Amino acid sequence: MIILSAVFIFFPSKFPWNFIKRIAGKLKIDLQTEGLVNGVFTTWKVKFWSFVLSVGSWWFTALQFYYITQMFSIQVESSYALGIFPIIMISRIIPISIGGLGVQEATTTALFATANISSAYAVLSSLAFTVIFLILPGLLGIYWMLKEKY
């Protein structure tokens, strides 16, 4: 899937559009592939800087997760915290709970257990991350929208 996505983004002319159209046609889905192709044909410079910005922002967010663990004096190495962060974020998209709540904590607990960190600290750091990066910005956004009367 990742390779197919990379081909779609970086080499759109090599993407198997006819195959995708046949599958979509059988499912009675209109993909409007012309719009997809036109949206993908941007310069390599734009694609490169978009990639750099994306990787940089994810790295910065992972670093903030590490600092949250340090805020609670959890003895975890930075390389370990940065290494497990993508796994934790991928676990959030498993569609069995609202916003990944519970799944994220279970994943964090399992991964921290391999480093001999108690489950209480794992849940604490996971919930703190959720509050700081999801709930607080959401509440501030609701306040701002109500203030601006959107």
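# A guided look at helices, loops and a patch

Guide: Let's start at serine 73, which lies in the loop between α4 and α5. Please keep in mind that this is a predicted model, where local features need pLDDT of at least 70, side-chain atom pairs count only at pLDDT 80 or more, and totals for chains, interfaces and linings use all residues. Residues are numbered from 1 along each chain as its sequence is written, and side-chain values use heavy atoms, with hydrogens and water left out.

Visitor: What makes something a helix here, and how many helices and strands are there in the chain?

Guide: Helices are DSSP runs of H or I with at least four residues, strands are runs of E with at least two, and both are numbered from the N terminus. By that rule the chain has seven helices and zero strands. Read from the N terminus, its elements run α-α-α-α-α-α-α.

Visitor: Back to serine 73, then: why is it called exposed?

Guide: Exposed means over 50% relative accessible area, buried means under 20%, and partly exposed is in between (1.4 Å probe, protein chains only). Serine 73 has a relative accessible area of 51%, so it is exposed. For the chain as a whole, 25% of the 150 residues count as buried.

Visitor: What is the phi of serine 73?

Guide: Serine 73 has a positive phi of about 55°, although it is not a glycine. Most residues other than glycine have a negative phi. Asparagine 116, in the loop between α6 and α7, also has a positive phi, of about 60°, and is not a glycine. With 74% relative accessibility, asparagine 116 therefore counts as exposed.

Visitor: How do you know whether α5 and α6 are parallel or antiparallel?

Guide: We look at the angle between their axes, which are lines fitted to C-alpha atoms (for helices over the stretch in contact), with angles running from 0 to 180 degrees between N-to-C directions. Angles under 35 degrees count as roughly parallel, over 145 as roughly antiparallel, 65 to 115 as roughly perpendicular and the rest as oblique. Helix α5 (residues 78–91) and α6 pack at about 150°, with axes 9 Å apart. That is why α5 and α6 are roughly antiparallel to each other.

Visitor: And what makes α6 oblique to α7?

Guide: Helix α6 (residues 103–113) packs against α7 at an angle of about 135°, and their axes are 8 Å apart. This angle makes α6 oblique to α7. Helix α4 (residues 44–71) and α7 cross at roughly 125°, and their axes come within 10 Å. On that basis α4 and α7 are therefore oblique to each other.

Visitor: Which hand does the crossing of α4 and α7 have, and what is it based on?

Guide: A crossing is right-handed if the near helix is turned clockwise from the far one by less than a right angle, and left-handed if anticlockwise. α4 passes α7 in a right-handed crossing.

Visitor: What makes the nonpolar patch on the surface a patch?

Guide: Its members need over 30% relative accessible area and no salt bridge; nonpolar side chains (Val, Leu, Ile, Met, Phe, Trp, Tyr) are joined within 5 Å, and like charges within 9 Å. A salt bridge is a side-chain nitrogen of Lys or Arg within 4 Å of a carboxyl oxygen of Asp or Glu. The patch includes Met71, Ile132 and Leu134, and has about 820 Å² of accessible area together. Those areas come from the Shrake-Rupley method with a 1.4 Å probe, and for residues only the protein chains shown count as cover. Eight residues, the largest share, come from helix α7 (residues 119–148).

Visitor: Why are isoleucine 132 and leucine 134 called partly exposed?

Guide: Isoleucine 132, in helix α7, has a relative accessible area of 35% and is therefore partly exposed. Leucine 134, also in α7, is partly exposed because its value is 41%.

Visitor: Is isoleucine 90 buried or exposed?

Guide: Isoleucine 90, found in helix α5, counts as exposed because its relative accessibility is 55%.
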